[in-house]
Structure formats: structure tokens, C-alpha cells
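Subject: Handing over a structure

Dear colleague,

I am passing a structure on to you with this email, and my notes on what was found in it follow below. Please read them with the structure open beside you.

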Amino acid sequence: MDKKYVTQAFGLRLKGRFDVLLAYYGEKLFQLPAIIVVTQIKDEMGISIPEHSIYTLKKRIKKKHGKTAITLPADLAAA
């Protein structure tokens, strides 16, 4: 997945733009708090995303896996 596809999807406000974002970054980034994810995407891509959209994306990831999408800090240290 290329960065230009992500910026183009958000520029055109495509329906699956968050799926494209998820494919670009992978699920690992979305295990962080939403404010950090929003800041990371803003700095790297120049795309403004509301925190609520990140929470919704995390819920979709959680439903997809059938488990919690949030990792405890102790789990991150072990990885």
C-alpha cells in the first residue's frame, strides 16, 4: 500500500478510506491511544482525523478479532 493511495482516498472522501488507512499502517498503530494515532497520522500524512473515527475503527478491529483491540502496557513491554 502506498501513501498516495491513502491521501487520495481521504481527499476524495471515499467510503472505504479508513480501510485503506488500516491497510497502510496495520493494526499495530491502532493499539495506541487515539490521540497518539491522530497526531501520528496528522504529522506523517497531513490528514486531520477526529478521535471518534479512530475509536470506531478500533471497535471494528475488535469485532473482527473477537477480542480486545487495546493492549496493556505490560503486553507492549513483553513484545
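Leaving aside its neighbours within four places in sequence, which residues is Ile54 in contact with? With those neighbours set aside, Ile54 touches Phe30, Ala34, Val37, Val38, Ile41 and Ile49, where contact means heavy atoms within 4.5 Å.

Before going on, please keep in mind that this is a predicted model, in which local features need pLDDT of at least 70 and side-chain atom pairs count only at pLDDT 80 or more, while totals for chains, interfaces and linings use all residues. Residues are numbered from 1 along each chain as its sequence is written, and side-chain values use heavy atoms, with hydrogens and water left out.

As for the overall make-up, the chain has five helices and zero strands, both being DSSP runs numbered from the N terminus (helices are H or I with at least four residues, strands are E with at least two). Buried residues make up 29% of the 79 residues in the chain, with buried meaning under 20% relative accessible area, exposed over 50% and partly exposed in between (1.4 Å probe, protein chains only). Among contacts between residues at least 6 apart in sequence, 40% join residues at least 24 apart.

Helix H2 (residues 17-25) packs against helix H3 (residues 34-45) at an angle of about 85 degrees, with their axes 13 Å apart. Axes here are lines fitted to C-alpha atoms, for helices over the stretch in contact, and angles run from 0 to 180 degrees between N-to-C directions. H2 is therefore roughly perpendicular to H3, a label for angles of 65 to 115 degrees (under 35 is roughly parallel, over 145 roughly antiparallel, and the rest oblique). On the H2 side, Leu21, Tyr24 and Tyr25 meet Gln40, Ile41, Glu44 and Met45 in H3.

The structure holds two aromatic pairs, meaning rings of Phe, Tyr and Trp (its six-membered ring) whose centres lie within 6.5 Å, with planes under 30 degrees apart counted as stacked, over 60 as edge-to-face and the rest as tilted. Phe10 and Phe18 form an edge-to-face pair, 5.2 Å centre to centre and with 85 degrees between the planes; Phe10 is buried at 13% relative accessibility, and Phe18 is buried at 16%. Tyr24 and Tyr25 form an edge-to-face pair too, 5.0 Å centre to centre with 85 degrees between the planes. Tyr24 is partly exposed at 25% relative accessibility, whereas Tyr25 is buried at 17%.

Finally, Met1 is found in the segment before H1 and is exposed, at 58% relative accessibility. Leaving aside its neighbours within four places in sequence, Met1 is in contact with Val20, Ala23 and Tyr24, and the C-alpha atoms of Met1 and Tyr25, 24 residues apart along the chain, are separated by 9.0 Å.
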